[in-house]
Amino acid sequence: MPGWSKTGFPVQSLLGFVLVGLLLLTVGVAQFWTPYGPLAIDLNAPLAPPSWRHWFGTDEFGRDVLSRAMAGARISVGIGCATVSCAITAGALLGTLAGFLRGWTDRVLMTINDALLAFPGMLLALGFIAVFAGGEGAIVLALSVAYLPSVVRVVRSVVLSIREREYVEASRVMGNSSAYSMLRHVVPNALPQVAVLATNLFGWVVLSESALSFLGVGIPAPAPSWGNMLAAARPYLASAAWLTIAPGACVMATLLGVNWLSDTLLERLRPGSRS
Amino acid sequence: MSAAPVLVMDRVSLEAPGAGLARPVLQDFSLLLERGELIALVGESGSGKSMAARAILQLLPPGVRQCGGRILFAGTDLAVLPPAQLRAVRGAQIGLVMQEPMVSLNPAMTIYRQLEEGLRLHRELSPGERYTACHEMLARVGIPDPPRCLSAFPHEFSGGQRQRIMLASVMLLRPKLLIADEPTTALDTLNQREVLDLIVALAREAGVAVMLITHNLALVGRYAQRVVVLEKGRIVETGAARAVLESPQHEYTRTLVASLPRRAPPRDRFSAPTRELLTVTDLRVKAPQRKDAAHSTVWAVDGVSLKVRPAEILAVVGGSGSGKTTLGRAILGLIPRAAGEIELEGIDPLTTDRRQRAAFRRATQLIFQDPYASLDPRMRVLDIVGEPLRHVRELTTGERRSRAEEMLEEVGLRGLAARFPRELSGGQRQRVAIARAVVARPKFVVADEPVSALDATIQSQVLALFRRLQRQYGFASLFITHELGVVEQIADRVIVMQRGRIVEEGAVAAVFDHPQAAYTRELLEATPTIPVVSSSTQVCVDVD
């Protein structure tokens, strides 16, 4: 039924909040406590199927999958947040400059941007990691650069549409400087869409980090991340499929939760959408 | 009368879902429309007039439902018709013309395909006959070069032409009832007149009953036989159009009639015209170029010279495309000019001197047509009004705040300081825009169609406010409008523009009483006023 989600019970928003809340809770808890040590090897119980002792089973070294997935959440979420902050800050700055100043600034920035955009993001990230060696810092940097061009594009288009609005022209008529108009009228009105972009991006980054780790260039073993857990589970897919359940479900739940949350944000932050 | 009346609406009530309780949209709405009759439905936004039309077509927006009464179209109750038969009635027997033809025409289809679509659905004609029918109808509605038009797309036409095409597509199907929902509100005066004349002529030829929905009472006098006045979903007055306009019974109708623009008595001008405030000499501004017409320059403003004295309201009138908006923007230096001089107290708006430019910005202001678009949606009313005071250096922060508060009070918005623009009505938003324009005590204000988007009663209130503030603070104004009635109400002098040039200029009374240029006469002629209807002599207070 049309309009139901507006007047009725917002199931999606609630689920989004619950999933993201659970994720953050897991990250917090895993800092101090996991059922077993995420690196603790138990050679007596390699590849144990799920049981009351090990809810999601153990891997080939007898490490508890649940504990590793919890610890992995910290790394995945940490990298997600750091990357989103970097990409959005830099992207918003460049996009706003290009969109508001137009002219030469715009042309130069966008030419470089389009060149970057022409590379597949993953390839760009792989290249960066190859140059800067492994580690969390390198991954954040690589992913930020990979996602930067699309952020710049989106922010620029938002700013371009806002700067043509009459209230920005009204600001000009008042005698306000360009910088003031940009900060006072353009940026605040662009924020909702940037916030939505950020939540969306977070999901993508978590996925990409998993992919990088899966390819073996992400988080080096033995530290757990969802991606390298999945990668490590690959040889045992036929015999010990449970190894993939916990990290796979974590990636999926995170993406779903963040996407639902971003839909909710979009709905709420649009001016005039109150009541 | 042998056949059943075209339309009978018998105590129809509509309600919309509200918070908790259902909110009535229309209450006990009754109406009878005979073949060939033209009835006008008048009311302000939110009075339920469009809802009444949608109820006839059984096309109510989601949530709104009919909770009482019956609607009989040619004797049949449409509410009980199965969907397939209902679709055969819509379009074929009841035609609808809406306000904005750009929205109702599909931009991705040629005109022929859109016209032909209805014919194919509702009438059994061969392709050849369909083409001939479309061709003839386009010629009938006065579209030049019908064959070319048929293969063109909607964006290639002006607003007036699009509305004609829309009308053609509706009348092609020979409906029994034509519902015209604010058909000319988006058009300028000349087009408005032509389109309405056309509707009336076509309806008469084919014996079509017309329901004209409008907020413009003056149009009613010229075109309608009967009128129904709606206020907040209730019929407050109904009767012969002339009688209602000449002696309105209900208080609301009286307010509506009273808010029709009337000429203000000429003001006592300060005796000797001192120096000029603003001088514009031979201004030329290029029109935005289409890429395919690169070689010929089109001038949006083509050699305009004018002078504005301090504390004078100079109105600029003309149809759409006459260059009046461009003129206002060029004077404020918002768009570049190709040639000519502009000086406001000796300062050119495009000066490179920073200090002079700042002085120019402080002395000038602009009021936009659409207050909603011109107010930052994320700022509160008080902040919006106070923003221009940033550049009034001699005030402290506290003084700025209290000055903004005073200004709000002055425009009648006390207590709304903490609201956001979306929480205000259209009239209130325009008051905010006016407050913002006046708060820093500018010397010159360009007002670009500031009341065109407002309902009649609100319009006259906002105009009165503008005039009061103008007297109080003594700023001069370039008042751009396409409504001559507004000019009479507010301006001292008037400039008539056509295709970028000034065709006539002078004191309002002189120009309106003794128009010299043919274009001015056309504009005046096309402007509906109450006196036009009252051919009975005793009420006639015509301009002559």
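1. Leu124(A) sits in helix H5 (residues 121-132) of chain A. Helices (H or I, at least four residues) and strands (E, at least two) are DSSP runs, numbered from the N terminus. This is a predicted model: local features need pLDDT of at least 70, and side-chain atom pairs count only at pLDDT 80 or more, while totals for chains, interfaces and linings use all residues. Residues are numbered from 1 along each chain as its sequence is written, and chains are lettered from A and ligands numbered from 1 in the order in which they are written.

2. Leu124(A) counts as buried because it has 20 C-beta neighbours inside 10 Å. The cut-offs: buried means 20 or more other C-beta atoms within 10 Å of the residue's own, exposed means 12 or fewer, and partly exposed lies in between, with C-beta atoms placed from the backbone. Neighbours within four places in sequence aside, Leu124(A) is in contact with Phe119(A), Val145(A) and Ala146(A). Contact here requires C-beta atoms, placed from the backbone, within 7 Å. Val145(A) is 21 residues from Leu124(A) in sequence, and their C-alpha atoms are 7.7 Å apart.

3. Chain A as a whole: 10 helices and 0 strands. Its C-alpha trace spans about 75 × 50 × 35 Å along the principal axes. Of the 275 residues in chain A, 44% are buried. Take the contacts in chain A between residues at least 6 apart in sequence: 67% of them join residues at least 24 apart.

4. Helix H7 (residues 166-173) of chain A is mostly covered, with 7 of its 8 residues buried. Among them are Glu166(A), Tyr167(A) and Glu169(A). The cover comes from both chains. It includes helix H6 (136-163) and helix H8 (178-215) of chain A. From chain B it includes helix H13 (354-363), E15 and helix H14 (371-374). Just after H7(A), Gly175(A) has a positive phi of about 95°.

5. At the interface, 15 residues of chain A are in contact with 21 residues of chain B. H7 and H8 of chain A each supply at least two residues of the chain A side. H7(A) gives the most, with 5 residues. By class, the chain A side has 7 nonpolar, 5 polar and 3 charged residues. Nonpolar covers Ala, Val, Leu, Ile, Met, Phe, Trp, Tyr, Cys and Pro; charged covers Asp, Glu, Lys and Arg; the others, Gly among them, are polar.

6. Strand E15 (residues 364-367) of chain B points Thr364(B) and Leu366(B) one way and Gln365(B) and Ile367(B) the other, and all are buried. E15(B) pairs in the parallel sense with strand E16 (residues 444-448) of chain B over 4 bridges. Pairing requires at least two DSSP bridges between two strands. Thr364(B) stands opposite Phe444(B) in E16(B).

7. Chain B also holds an open antiparallel sheet of 4 strands, in the order E2-E1-E4-E5. Strand E2 (22-33) and strand E5 (76-77) of chain B are at the edges, each with a single partner strand, so one side of each has no neighbour in the sheet. Strand E1 (residues 7-17) of chain B pairs with E2(B) in the antiparallel sense over 8 bridges. Pro17(B) is opposite Ala22(B) in E2(B).

8. Strand E18 (residues 493-498) and strand E19 (residues 501-507) of chain B pair in the antiparallel sense over 6 bridges. Arg493(B) has Ala507(B) in E19(B) as its bridge partner. E18(B) and E19(B) form a hairpin with 2 residues between them, and Arg499(B) in the turn has a positive phi of about 45°.

Technical notes
Contact = placed C-beta atoms within 7 Å.
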